[in-house]
Amino acid sequence: MTTTTTPNGRPRKAPTIFDVAERAGVSHQTVSRVINGDPTVRDGFRSRVTTAIGELGYRPRAAARALAGGRSRALGLVSAGDALYGPSSTAIGFERAARTAGYHVLLSTLPDDPRPVDLSEALTTLLAQDVAAVVLVAADNRVLDALGSLTMAVTVPVVVANAVQRDAVPTDLVVPGSGGATVSAVAIDQAAGTTMALQHLFDRGHRRIVHIAGPGVSQEGEVRRATYERTMRSRGLTPVVLDGDWTPASGFAAGRSLDVTAVDAVFAGNDQMALGVLHAFAEEGLRVPDDIAVVGFDDIPEAAHFTPPLTTVRQDFQAMGERVLASARALLEGGQHDEALLQPELVVRRSS
């Protein structure tokens, strides 16, 4: 942490672990355990220490720095604690790109539950390890809400991945002690991918297209749903949306609930739900695509081996990881960072 000066011009010492302990009313050993992510620390103590760290702007230095000139080669990654294909693939793509570039990535996961997300503990743990920047995988709207309401000191650049709703991303984190940490957003163009999928179906004569949407907390799911509804209405067609939760089981339930005499195509919000739809149609004796077409989104590795192989929208998560890393490095070096949306690709297979 950079030393500042007092009103009389004398150097002001950076806060120490003992200052944090005094502010929180705990021992310095407890502060150390919180910083190092010890799960045995009681929630009350952890909350008091996290609050004190934020108020004081305390940032401990790591024991060693690998880069000449004192710059850390560590990057923080905050991700949800679930195994959804898109967010987990984004995290993997970023970690691989960072490793290739000579960085190491420190991971902190968020709880996988419906309660509001608190980023403070995850960020505190990463900042304590002297990361140069933080990457936040924000496929969930709650993560962006938490980012916008942070009150702790964030002293490093933040790159928000999967932030397809750009207006929801704060351009600067102006919080106590941060100096206004810079925020950049990187994402794949979900609206373009949805338009590709629908245009493919229109070109094959389909007009009665049903969309099985992802959960409402998902940014990507919201954009795919809104684009589907807007595109259908622009052609004078009635949008029909069934709610899913990204799982094959929800796709199966949606497929079983359809009046297939009134539908000629299904656009599923992801490939896993499309798998459930194919299962439901197979049980009903429907032929895909002769009786009804199915299109998914993501191009998971298994999509090419569905029965029939699935037409879907491919997202290049390796390119996404490389773009996230490039954005983080540009922020660190004071250069320009490109926030243009990455373009997806339509992969046509036999399901349509």
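This section describes the confidence, helix packing, salt bridges and backbone features of a predicted model.

The mean pLDDT of the chain is 84, and 84% of its residues reach 70 or more. Where pLDDT is low, the predicted coordinates should not be read in detail.

Among the helix pairs, helix H2 (residues 28-35) packs on helix H3 (residues 43-56) at an angle of about 85°, the two axes being 10 Å apart. With angles from 65 to 115 degrees counted as roughly perpendicular, H2 and H3 are therefore assigned to that class. On the H2 side the contact involves Thr30, Val31, Val34 and Ile35, which meet Phe45, Arg46, Val49, Thr50 and Ile53 of H3. Sorted by class, the residues in this contact comprise six nonpolar, two polar and one charged.

Helix H4 (residues 85-100) packs against helix H11 (residues 317-333) at an angle of about 55°, with a separation of 7 Å between their axes. This angle makes H4 oblique to H11, and the crossing of the two helices is right-handed. The residues contributed by H4 are Tyr85, Gly86, Ser89, Thr90, Gly93, Phe94, Arg96, Ala97 and Ala98, and their partners in H11 are Phe317, Gln318, Met320, Gly321, Glu322, Val324 and Leu325. The contact of H4 with H11 consists, by class, of eight nonpolar, six polar and two charged residues.

For helix H7 (residues 190-203) and helix H8 (residues 219-234), the axes come within 9 Å and cross at roughly 40°. H7 and H8 are therefore oblique to each other, and their crossing is right-handed. In this pair, Gln190, Ala191, Thr194, Thr195, Leu198 and Phe202 of H7 are in contact with Glu220, Val223, Arg224, Thr227, Tyr228, Thr231 and Met232 of H8. The class composition of the H7 contact with H8 is six nonpolar, five polar and two charged residues.

Side chains of opposite charge can pair when their charged atoms come close. Across the whole structure, 15 salt bridges are found. One is formed by glutamate 95 and arginine 99, whose closest N and O atoms are 2.9 Å apart. Both residues belong to H4 and, because they are four residues apart in this helix, glutamate 95 and arginine 99 are separated by about one helical turn.

Several backbone features are located in loops. A cis peptide bond, with omega of about 10°, joins valine 288 and proline 289, and proline 289 is placed in the loop between helix H10 (271-283) and strand E12 (293-295). A cis peptide bond is also present between threonine 307 and proline 308, where omega is about -5°. Proline 308 is situated in the loop that runs between E12 and strand E13 (312-314). Tryptophan 246, a residue other than glycine, has a positive phi, near 80°, and lies in the loop between strand E10 (240-243) and helix H9 (248-257).

Terms used:
Residues numbered from 1 in each chain as written. Heavy atoms only, no water. Axes fitted to C-alpha atoms, helices over the stretch in contact; angles between N-to-C directions. Parallel < 35°, antiparallel > 145°, perpendicular 65-115°, else oblique. Left-handed = near helix turned anticlockwise from the far one by under 90°. Contact = heavy atoms within 4.5 Å. Nonpolar A, V, L, I, M, F, W, Y, C, P; charged D, E, K, R; others polar. pLDDT = per-residue confidence, 0-100. Salt bridge = Lys/Arg side-chain N within 4 Å of Asp/Glu carboxyl O.
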